[in-house]
Amino acid sequence: MSPQPQAAVGAPLSRVDGRLKVTGQARYAAESDVDGAVHAVIVDASIGRGRVTGVDTDDAEAVPGVLRVIHHGNAPTLPYRDNSSGSNNLPGRKLRVFQDDRVLFHGQPVAVVVATTLEAAQHGASLVKVRYDAERPTTDLAEGEPGEPTRYARGDVAAGLRDADVRLDLTYRLARNHHNPMEPHATIARWDGNRLTVWDKTQWVPGTQLELSTVFGVPLDSVRVINPYVGGGFGSGLRCWPHTVVAALAARVTGRPVKLVLTRRQMYFGTGFRPSYDYRLSLGGDRNGRLVAADHRIDAETSSYETFTEAVMTPGQMLYSTPGVRQAYRTVPLDVHTPIWMRGPGAATGVFVVESAMDELAHELGIDPIELRRRNEPAQDPSDNAPFSTRRLLECYTVGAREFGWQRRKPKPRSTRDGDWLIGMGMAAGVYHTAVSPAQSRARLNADGTAVIECATSDMGPGTYTSQTQVAADALGLAVRAVDFRLGDSRYPPTPPHGGSQTMASVGSATLDVCDQLRRQAIRLAVEDEESPLHGVSPDDIVVRGGRLHVQGNPARGESYQRLLTRNGRARLEADTSFTPPRGERFSISGYSATFTEVAVDATLGLVRVRRMLSVYDAGRIISPKLADSQAIGGMVGGIGQALLEHTVTDHRDGRIVNANLADYLVPVNADIPDLRAIYLDGEDYDADPLGVKGLAELVICGVAPALANAVFNATGRRVRELPITAEALL
Ligand code: MOS
């Protein structure tokens, strides 16, 4: 079969939905026009644990415009059936809104006020008096009771650590982080009889559909979830949270469509977070810089009612060939709401620890950090001996070191000054496991030479509309503007969660397949049609370009889709697909990166300024270079936040988050961000998926924080093992 010419894939296309977004025509969940919608405001618990002993609603109900105050004392019983969607059914028992009097965490919804105007609902909510029987919550990771560990082991760790020439015993503490997408979570819910429609901010349209159908006990196809635009997510939209159920419940009780928008403050205890970690690592190496053993003891917070885990163990198992590795990962139930994946989930934490420790070992041994990593580069995945599909980490180091000017780094800490500033360079490797999941799609090629592709995925910002359009355009041989890629509606074929770096590999493979099918249908139609100039040509010799089918190498012999379909009386061709990841030889498939950075630390004030940063990625094929750069820059910015700024602070007396706003929860702003540069190693990985991509979205943050911590050490001689690295820690 002649390969289709690739015109759109690899081109630095601007976003196909960019104009709609910058002109305000893209409607986000809360902006949808729903006739007769009334407003709901959640009243959230002001204690960290205990019981609701009474809800006084009289004053609230007296506010003109208030329709109803709903709480556990008057809410209907909801079925809350189990379902098979992972993130909505973690081990434990999910929070069931208004079904009992228990308060499990500060900020839990305890009532909702529904009113004809937002102002009346807000005023009403301020007048609801909730009485509590309060208990002292446990919200400090150090005070909780850990559960049973998940374990991994290979080799003899005890002997390895005993006999090691150099042994490091290190304790790392990572702060809780919140996603803070620009768009707050919001839901508009409407019941039409027993049919529920929600406009909801979510990264998983089919997951939210399934969850709502089981919570309310209605058939799956009675629930429709609509979500064409998402203003950022970072993982906070990867499950259906209680407020979405509250909106649907309020709509059911009042018989009106209900709009519910979380406040920025409510986003801090309503939509998950990156859990805090206490991570102890003992690392042993020989004098030649060969790792001999590593012992990882990992504690992370979860809620008292659900057990959330993430792939924090993976980097410690497979980044380096270490004969002895032992890991124990325990979750610690606290009186908090349930965490969720956030920006490089698990890996960003594990990589921080492993890559910080590698820098310490390099320093102890007097070996260059890159050279130390080279000496421990495995030939196959050390966790299970699977061959790597592709692993070009050494190339990432070589290219990065050259482009960054690594040879100018002085190994001795605190040896470069620029006025008041101490200057340092650091680097770190990064890894993120490539996920590929089943995904469905359908498409039609119209007689006017345009195509429509539909599936239920989301676009939270990576540019899914655009990158999928590029894949479709090339597979169909159409111009980008002739392709209409539609997403964000549960009426479209189901797709996996829009997260975990898997959308391009999964949805992209479905798009490729469904468009390949359409093209082949058209080619078959042409070769069988006696009136076609392509009649009798072998289908394998035909390509499509600019909407015109022609013989490969002979553009003159051919005709357009339009002509072909019209002559054959076909209004359209249709196809659908159910993509399943290929099950061939089992490979270890991951994206890899090397990040280099230079920081300046004020010698007197301890302020850290990032001067420059470069990341080199082995992420397989790059479909959309401009979007990839946006992802890479976003990942570096997120990593700078994780390393230097982001920290959710809890008052352990009552479980209140004290910095639940964007003034006190620090995220990087433009003034914090220097020149950032991304380089992609050319190449594809067809063992990963038919598109040859390994995923970029999560990879881009993994390795940024340790590179910064290592640069801070090189600048100051101070080894900070707590995130974020604050000025206080450097004084
Ligand atoms: Mo990403 S943390 O899976 O949205």
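## A three-stranded sheet

Let's start with an open sheet of three strands, running in the order β21-β22-β23 with antiparallel pairing. Everything here comes from a predicted model. At the edges of this sheet sit β21 (542–545) and β23 (554–560), and each of them pairs on one side only. Direction aside, neighbouring strands in the sheet are turned by 35 degrees against each other on average.

Now zoom in on one pair. β21 and strand β22 (residues 548–551) run antiparallel to each other and are joined over four bridges. As background, strands of a sheet pair through backbone hydrogen bonds, either parallel or antiparallel.

## A five-stranded sheet

There's also an open sheet of five strands, and its order is β16-β17-β25-β26-β29. The pairing in this one is mixed. Which strands stand at the edges? They are β16 (417–418) and β29 (675–680); each has a single partner strand, so one side of each is left without a neighbour in the sheet.

Within this sheet's order you'll find β17 and β25. Strand β17 (residues 421–433) pairs with strand β25 (residues 590–602) in the antiparallel sense, over 13 bridges.

## β5 and its two partners

Next up is strand β5 (residues 109–115). Is β5 buried or exposed? Seven of its seven residues are buried, so β5 is largely enclosed by the rest of the structure.

β5 pairs with strand β1 (residues 38–44) in the antiparallel sense over six bridges, and here His39 stands opposite Ala115 of β5. β5 also pairs with β3, again in the antiparallel sense, over five bridges. In that pairing, look for Val69, which stands opposite Val113 in β5.

## Helix α15 and helix α14

On to the helices. Two packed helices are described by the angle between their axes and the distance between the axes. Take helix α14 (residues 625–644) and helix α15 (residues 704–716): they pack at an angle of about 55 degrees, with their axes 8 Å apart. That angle makes α14 oblique to α15. The crossing of α14 past α15 is right-handed.

Which residues make the contact? From α14 come Gly635, Met636, Gly639, Ile640, Gln642, Ala643 and Leu644. From α15 come Val704, Ala705, Leu708 and Ala709. Sorted by class, the contact of α14 with α15 has eight nonpolar residues, three polar ones and no charged ones.

## Helix α15 and helix α8

α15 has a contact with helix α8 (residues 347–365) too, and here the axes come within 8 Å and cross at roughly 30 degrees. Because angles under 35 degrees count as roughly parallel, α8 is described as roughly parallel to α15. This crossing is right-handed.

On the α8 side, the contact is made by Ala348, Val351, Phe352, Glu355, Ser356 and Asp359. On the α15 side, the residues are Ala705, Pro706, Ala709, Asn710 and Phe713. How do the residues of the contact of α8 with α15 divide? There are seven nonpolar, two polar and two charged residues.

A few backbone details are worth a look. Most residues other than glycine have a negative phi, and most peptide bonds are trans. Tyr80 is not a glycine, yet it has a positive phi of about 45 degrees. You'll find Tyr80 in the loop between β3 (66–71) and β4 (102–103). With 18 C-beta neighbours inside 10 Å, Tyr80 counts as partly exposed.

Ser501 also has a positive phi, near 60 degrees. Ser501 lies in the loop between β20 (483–486) and α12 (503–528). Is Ser501 buried or exposed? Ser501 is buried, because 26 other C-beta atoms lie within 10 Å. Lastly, the peptide bond from Leu723 to Pro724 is cis, with omega near -5 degrees. Pro724 itself lies in the segment after β30 (722–723).

Technical notes. Residues numbered from 1 in each chain as written. Predicted model: local features only at pLDDT ≥ 70, side-chain atom pairs only at ≥ 80, totals over all residues. Axes fitted to C-alpha atoms, helices over the stretch in contact; angles between N-to-C directions. Helix = DSSP H or I, 4+ residues; strand = E, 2+ residues; numbered from the N terminus. Parallel < 35°, antiparallel > 145°, perpendicular 65-115°, else oblique. Left-handed = near helix turned anticlockwise from the far one by under 90°. Contact = placed C-beta atoms within 7 Å. Nonpolar A, V, L, I, M, F, W, Y, C, P; charged D, E, K, R; others polar. Pairing = 2+ DSSP bridges. Buried ≥ 20, exposed ≤ 12 C-beta atoms within 10 Å, placed from the backbone.
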